[in-house]
Amino acid sequence: MTLYHARFSGNSHRVHLMLSLLGLPFREVEIDLFKGEHKQPPFLGLNPWGRVPVLADDGLVIRDSLAILVYLAEKYGDDGWYPKEPVERAAVSEWLGIAGDDVVRGPGVAMLTKLLGDYVKADYDDALKRAYTLLKIMDAHLTGRDWLASDRPTIADVACYCYVASAPKGGIDLAPYAQVRQWLRRVEGLSGFVPFINAVPAGSAAA
């Protein structure tokens with residue numbers, strides 16, 4: 001199994017975290033986004049969209065972080081990571097949608113804008129607005145519960161973690177959101193947890 005990724009990519013971290021939580025051995029291939037390796041023929045042969053992460057497993061190539069989480073949970077995890085019970089599965093799927101939209105376009109874009117500056121063409125004020133709306137909703141949702149979609153951790157928690165945890169790097173104050181902060185600590189307490197490296201690599205074009 002091979003993971004093609006960039007270390008400061010939150011989408012890549014989702015997959016790295018899930019692989020580690022499941023205790024799966026894998027080979028890492030780091031793609032240098034600042035050198036444009038994701039837009040060059042060797043990588044485009046794996047993913048014509050030119051995006052990380054990509055997971056290659058036993059001849060199968062999966063090119064989307066959320067699709068990879070579903071695949072790993074279904075093939076290698078127990079039923080808890082992506083529950084088969086329809087109501088729970090719907091709840092997990094709902095949060096996967098939020099992870100792919102509001103989480104990325106809110107705290108994700110805010111963090112990347114702060115770290116990379118003009119390298120990222122994004123509306124920082126819009127990202128802040130989206131982030132604070134997300135955090136308010138998440139905080140209310142987590143009141144009285146430990147996890148986003150079930151009574152145990154699921155791929156919904158894995159998908160949402162990295163960019164929410166990195167919100168302060170985007171100039172977003174998590175202090176008012178006690179339930180969110182407690183949820184982050186619970187994710188970080190899981191066996192196999194690996195932190196998100198959200199610093200710009202030294203010597204990169206954006207450093």
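Predicted model: local features only at pLDDT ≥ 70, side-chain atom pairs only at ≥ 80, totals over all residues.

Side-chain values use heavy atoms, with hydrogens and water left out.

I begin with the interface. Contact, meaning heavy atoms within 4.5 Å, takes 16 residues from domain 1 and 15 residues from domain 2. The two domains bury about 1200 Å² between them, 72% of it on carbon and sulfur atoms; buried area here is the accessible area (1.4 Å probe) that two parts lose on being put together, summed over both. Of the area that domain 1 buries against domain 2, Arg-14, Phe-34 and Leu-66 supply 37%, more than any other three residues.

Next, the polar side of this interface. The rule finds four residue pairs in polar contact across the interface, both residues at pLDDT 80 or more. A polar contact is a pair of N or O atoms within 3.5 Å; within protein, one must be able to donate a hydrogen and the other to accept it, and residues adjacent in sequence count only if both atoms are side-chain atoms. On the side of domain 1 that touches domain 2, helix 1 (10–21) and helix 3 (65–76) each supply at least two residues, and helix 1 gives the most, with seven residues. Helices (H or I, at least four residues) and strands (E, at least two) are DSSP runs, numbered from the N terminus.

I turn to salt bridges, each a side-chain nitrogen of Lys or Arg within 4 Å of a carboxyl oxygen of Asp or Glu. The structure holds eight of them, and the rule finds one across the interface of domain 1 and domain 2. Which side chain does Arg-89 meet in a salt bridge? The partner is Glu-74, at 3.0 Å from N to O. Glu-74 also meets Lys-84, at 3.1 Å. Lys-84 lies in the loop between helix 3 and helix 4 (86–116) and Glu-74 in helix 3, so this pair ties together parts that are ten residues apart in sequence. Elsewhere, Asp-57 forms a salt bridge with Lys-75, with the closest N and O atoms 3.6 Å apart. That pair links distant parts of the chain, with Asp-57 in strand 3 and Lys-75 in helix 3, 18 residues apart.

Is Asp-57 buried or exposed? Asp-57 counts as buried, because its relative accessibility is 7%, whereas Lys-75 is partly exposed at 43%. Buried means under 20% relative accessible area, exposed over 50%, and partly exposed in between (1.4 Å probe, protein chains only).

Finally, some individual residues. Met-138, in helix 5 (residues 124–142), is buried at 0% relative accessibility. Not counting residues up to four places away in sequence, Met-138 touches Trp-95, Leu-148, Val-164, Val-180 and Trp-183. The peptide bond from Val-52 to Pro-53 is cis, with omega near 5 degrees. Asp-58 has a positive phi of about 55 degrees although it is not a glycine, and at 72% relative accessibility Asp-58 counts as exposed.

Notes
Residues numbered from 1 in each chain as written.
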